[in-house]
Amino acid sequence: MGLVHRKFVRGAATSGGVVSGIAVAIALLSAPAMAQDAPADAPSVSSDDDMVGGDVIVTGTRASLQSAIGRKKNAGTTVDSIVAEDIASFPDKNIGEALQRITGVQLERDFGEGVRVSIRGVEPDLNRVEINGVTTLGQGGGGQRGADFRELASELVKSIDVFKGFTADMTEGGIGGTVSIETRKPLELTKTLLALTASAQYLDVSDSVQPRGNFTFGTNKLLGGRLGVILNVTYDKNDTRNDYLRNTEWVRFGDLNGDNRKITSNANFDSITTLAGCGTIPTGGEAGATRADCQQQFYEFVPRIPRYGIWLRNDERISGIGTVQYQLTNNLDVYVEYQRNRRNNQLIDYNRSVDVTALSRIDTSGACGRCTFDDEGNLIDFYTAPTAPANNSGAGSIFSTSKRDFKYVQESEYKTAGFNWKTDRFQLKGLAVKSKGTTVSESLTLSLNATVPGIHVSLDPKTGAPSFGFPSGFNPDNPASYATPGTSIVNGSTPVVLGLQYRPEEVDVTEDQYKLDADWEPDVPFLTRIEFGGQYRKSTSLRYYGGTNFNNSNGDFVPTSFVTSNVQIGQNNTELAFPVSPTNPAQGTSQFFTQEKFNRFLASATEFTPDIFFSNGSRNGLPDRWLAPNFNRFDSFFDTTYLNRDRVRVSNGFAQTPAHEIEEDIYAGYLKGNFETELLGMPISGNAGIRWVRTEDTATGSNTRRVIELVDPNNPTGATTTRTVSVDTISFTNSYTDWLPSFNLAAEIVPNRLIARFGVAKVMARPRPTSLVPNINCAFDETGQNPNLNDSCTAGNPNLKPYRATQYDLNLGWYPNADTLLNAALFYKNIDTFIIENQATFGVDVFGDGQLFDVRQPINGAGAKVKGVELSAQTAFTFLPAPLDGFGTQLNYTYSTAEDVGLTNSLTFEDLPFPGLSKHNYSVIGYYDKGFLNARLAYTWRSKYLRLTNDRSGNPVFRDASGYLDGKITLRFLEDRLQFFIEGKNLTGTTERDSAGGIRTSEWSYPGKRFFAGISARY
C-alpha cells in the first residue's frame, strides 16, 4: 500500500466563542449516536498509536529514536523530529540545545544556554516557532519574531518537529522552516500517571548549587474514561555567569600614523591612491560614494571601548501547563488548556573600561609614535591622551569602573480552547487562543570615573583581547585614587567623578488566533484526502523605553522616564533637577558632591568583583578581580524620587511616545489535496495546495522635527546650529497579500525502505516590528545654504514588504530497519525579497504630502540564494554481541552557502555573508541504552557566522566557530520507574568570540560548565 501520510496537527487548544459554539453544535448533532452507541464506560483514546503523527510513548533512547524515524518516514513534507523518551523525559534541559542536534539546525547561545536557532542557514527571526499550533511570543523588546527557548521548560514537551518543507495547511512565517512543539493531551494516556523529578544544578564559575524540579500528574479515568486531566509544572532556579573581554566596537578616526596607505578598498575610488586625492570627491552623494567614504579607506581601525566585564545572573523560572479534555461523543472531544511561564531575573553587570570613542582620547603625538599597528591596519598597542582639554575629551574621565543592577520579570500566558470532531471520512478541528506576554525591566548603573593620562592599552595580536597598564600614582583598585581628580581639566571645569543612569522599560505583546481545519476523505481513486481551512490572527507589540523628553507640537513638555546624573566635585552638595510642572520642565543631568560627601561614598559604596575573572585559558595581563561601586546606602547619596516606573507610559500628565507600537491583522485560508497512486509498481504519494494570506499593519512611533538654523541670521554663509522643535506620535498603515502554492511528492523506490522526496513551495516571513515602526527624525534646513539638496531624515519603514522565497527540496532516505536511517538532502532557497537595514534612499515622500527627503531607513532589496546539502545517519548496533548491542549513534552534517546577498560591511566595504548562516555544521552523538544503563555523549560544532549586519557603530558582528560537548548518564530501576541521572553541559569549557572581522574582537566570553544531578520517580 505504501506510506500512510498522517497529518501533523499544529493546533490544540481553548476558549473562544466561535470555537465553543461550533463544538456545542457538533455535540448536539452527535448526541443521538452517542446515546445509541456509547456505553457509560466507553473507553477513552487509549493508545498513542491513535495519535496524529503516529508516535508511541516509549522509554529509552533507542525507542525514542525509532519513533522519530517513523515521524520522518510518514510525514507529508521534509521534517525531522525529537520525541520525548517518557513523561518529563525530554533528552535536554533546554529545547534549543536539543534542536541543535537536528540536521540543518544551528543554535545561538546566551550565558551558555540555547536561545534561538537558524534553520538551513536562515536567521532565527525568519523561522516560525509554535507550541500546539500557537505562535510563541517574542518578548525581548527589540521586536524579534524568533522565540527564546529558555521560556518553555523541556519537561512539558512530548515532541518537536522541525518542518523544512512547507504544506498549505501550515501557518506561514518560516523562510528557513517551522519548529512545531507539541505537549501531551490527557486522552492520549493509557493510565493514570504521577511523575516527580528533582535535581541540583551547579555552575563552575559561580560556584553555586540551585534546584530544578518537575511535577506531572495526568489521568483519563474520570467520568467513566471520558474526562482527562494533565498538570505539568516545572520550577528552575539557576545562577549563571559570563566573563567578557571586550573592545565593544571598532571605529576609523583618521590616518593616525600618516602612512597614506590604503587599508581597505572601495571600488568607487579605485583611481584614487592618496588620502589627499579624496578632496576631489563631493561631500554628499549616495552611500559608499562620498568624500568620507573615500577617506575611510586610509583610516586605521581603533577599538572603541576596550573593557572587561562580568555578568552574574540569578534566573528563576516557573512553567506550567494544565489541560482538561472531554470526550463528548465517540466522534467529538473538546479541551481547554492554560499555559503560564514566568522568568524573574536579577543581573549584575560589572565593567572596567577605557573610553576611546574619539580621536582626542589617543596620544597621537609624533605621528602616533607610541602606537603599534598590525599589517591589517588595526591599532593593537597605544597610550591614551596625556592631557584633558575638556571633561569628555583627552584624558577627561577616560577610565571608569561600573556596576549595573538589572532586573526584569517576563511573563506569558496562553489560553486555548479547541475541539476535534471525526467521522469515518470527515474530520474538523477548531482552535481559539488568547496569548499575551509582558516584560517589565529596570536597570540602575553607577560608574566611578577617573581622569588618568597615559593609560597603556594593549591588544593580543592573535585574539584581540585587551589588557591595561596604568601610570605610576594611579591604582584602579584603591579607592583613594578616585578621591581627588588626578589631572586638572585644561578648560577649568572639574572632572565627572561619578555617573548614574536609571533606565526602565515595559513591553507588551499579544496574539489572538482563531482557526478551523477540515479533512475530507472523498473515497475516490488517487485523491485520498482534501484539506481546507481558515485562520485569523491579531497580534500587537508595544514597547515603552524612555519617551522623548521634548515638547510636542502643542507645546506640551513630556519628560523622559530615564534618569541620568553626572557628578562633579563642588563647594556645595546639589540635587538632580526633576520636572516639577509643565511650566518648569527641566530634567537635570548634572549635580555636585562636596569632597567630604564623595569620600563617604568611596568609603561605604565600593566593593571588589567576584574572582577569578576569565578563569579559562591564558590569563596574561588579566586581573583576578577589580574595584567597583555598589548600591550600599544608595538613597543617602542620590534622590530616588523618580527611580521608578511611574513615568514609563504617562509623564507630566501626557502619554509617552512608545519606542514602537505595531498592530497586525492576518487573514489566511488554504486548500490542499493529498494523493496516493502507483507508477510502474512504485508507490507514489504526496500533496499539493495553495495558501492565501492577507496582512494588515498599523505602525506607530515618534516623529521628531529638527531645524538647521544660522547662528547669526545676518550672516547667510556663517555657522549653523540644529534645534529640536517638537516630538510627536505618528502612525502609518500597510497591507500586502501573498499566494503560497506548495507541492510535495514521495516515491517509494523500494517500498517502505528507500524513499525519495521532492518539494517546492513559496514561503514568506514578515519584517521585524522595529523595522516597520516610523520613528522619523527629520532635519529641515532653513539656512538657505543648500538649496539644491533635499532635507534629510532617519526613519523606519512602515511600507516594507515581507521576506519572500521560493524553496526546493530533494531528499533520499533509506530505512532498512526500525533503528536505522541514512538520509541525504539537497535544498535551495531563492529569497526573492529581502530587507536591508539602514540604507540611504533619495527623494522619498515620507509624509505623503509631496515633499521629498533623503532618508536612511530599512528597504526591500533583491534577496539571496541559499543552497546546501544535509547528510545524516543513525543506527543501533544490535548486531554486536551482548552487552555491546546496547550502543548506538547519530551523525549529521550540513553544508550551506549563499549567493547574491547584497549586504556590505560598512567598516571594510567588503561583501557580507547571509546572516545566521554557518557554512559547516555537524553533530556526533553516541549512546548506550540497555538494561539499567542509559548514557549519551553529544558533540555539536558550527563554523563562523554573521550574527549582526551592523551594531551601534555600524560594525558587522561575526561569531567564531565553536563546539560544545554534553553528556548524560541515567541509571534505571524498578522497570524504569525510578531513575538517577547526572548530566554535564559544555564539558570542554568552550568560549565564544564575536568580532568585526580578523582580530577585531568585539566580545570574547566564557559561560562556564554546567552540571546536573537528580532523581526521577514515576508511578
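**Entry 1: salt bridges**

I began with Asp 512 and Lys 434, whose side chains meet in a salt bridge at 3.1 Å, N to O. This is a predicted model, so I read every position as a prediction. I then looked up where the two partners sit. Asp 512 belongs to strand β21 (residues 496–520) and Lys 434 to strand β18 (residues 426–450). The pair is 78 residues apart and links distant parts of the chain. Lys 434 has a relative accessible area of 41%, so I noted it as partly exposed.

Next I took Arg 723 and Glu 709. Their side chains also form a salt bridge, with 2.7 Å from N to O. Arg 723 lies in strand β33 (residues 720–750), Glu 709 in strand β32 (residues 682–710), and 14 residues separate them. Arg 723 is partly exposed because its relative accessibility is 41%. Glu 709 comes out at 22%, so it counts as partly exposed too; the cut-off for buried is under 20%.

I found Glu 113 in strand β3 (residues 113–119) and Arg 317 in strand β13 (residues 307–327), 204 residues apart. Are they buried or exposed? Both Glu 113 and Arg 317 are buried. Both are also part of a network of salt bridges, whose members include Arg 212, Asp 236, Arg 343, Glu 983 and Arg 1010. For the whole model I noted 71 salt bridges.

**Entry 2: nonpolar cores**

I turned to the nonpolar residues. The largest nonpolar core has 67 residues. Which of them touch the most other members? I wrote down Phe 399, Leu 498, Phe 598, Phe 601 and Phe 638. I followed up Phe 598. Beyond its neighbours within four places in sequence, Phe 598 contacts Leu 448, Tyr 482, Ala 483, Val 497, Leu 498, Ile 569 and Phe 593.

A nonpolar surface patch covers about 700 Å². Strands β8 (193–203), β9 (208–222) and β10 (227–246) each give at least two residues to the patch. I picked out Phe 215, which is in β9. Phe 215 has 32% relative accessibility, so it is partly exposed.

**Entry 3: two asparagines**

I looked up Asn 860 in strand β39 (residues 853–862). Its relative accessibility is 30%, so Asn 860 is partly exposed. A polar atom of the Asn 860 side chain lies 2.8 Å from the backbone nitrogen of Lys 801. The backbone oxygen of Phe 834 is 3.5 Å from a polar atom of that side chain. Asn 860 and Lys 801 are 59 residues apart along the chain, yet their C-alpha atoms are separated by 6.8 Å. Setting aside residues up to four places away in sequence, Asn 860 also touches Asn 799, Leu 800, Pro 802, Thr 833 and Ile 835, among others.

I found it in the loop between β44 (945–948) and β45 (957–959). Its relative accessible area is 1%, so Asn 955 is buried. Its side chain reaches the backbone nitrogen of Trp 250 at 2.7 Å. Glu 249, Ser 906, Leu 907 and Ala 996 are among the other residues that Asn 955 touches.

Definitions and conventions:
Residues are numbered from 1 along each chain as its sequence is written. This is a predicted model: local features need pLDDT of at least 70, side-chain atom pairs count only at pLDDT 80 or more; totals for chains, interfaces and linings use all residues. Side-chain values use heavy atoms; hydrogens and water are left out. A nonpolar core is a set of buried Ala, Val, Leu, Ile, Met, Phe, Trp, Tyr and Cys residues joined through side-chain atoms within 4.5 Å. Buried means under 20% relative accessible area, exposed over 50%, partly exposed in between (1.4 Å probe, protein chains only). Contact means heavy atoms within 4.5 Å. Patches are made of residues with over 30% relative accessible area and no salt bridge: like charges are joined within 9 Å, nonpolar side chains (Val, Leu, Ile, Met, Phe, Trp, Tyr) within 5 Å. Accessible areas come from the Shrake-Rupley method with a 1.4 Å probe; for residues, only the protein chains shown count as cover. A salt bridge is a side-chain nitrogen of Lys or Arg within 4 Å of a carboxyl oxygen of Asp or Glu. Helices (H or I, at least four residues) and strands (E, at least two) are DSSP runs, numbered from the N terminus. A polar contact is a pair of N or O atoms within 3.5 Å; within protein, one must be able to donate a hydrogen and the other to accept it, and residues adjacent in sequence count only if both atoms are side-chain atoms.
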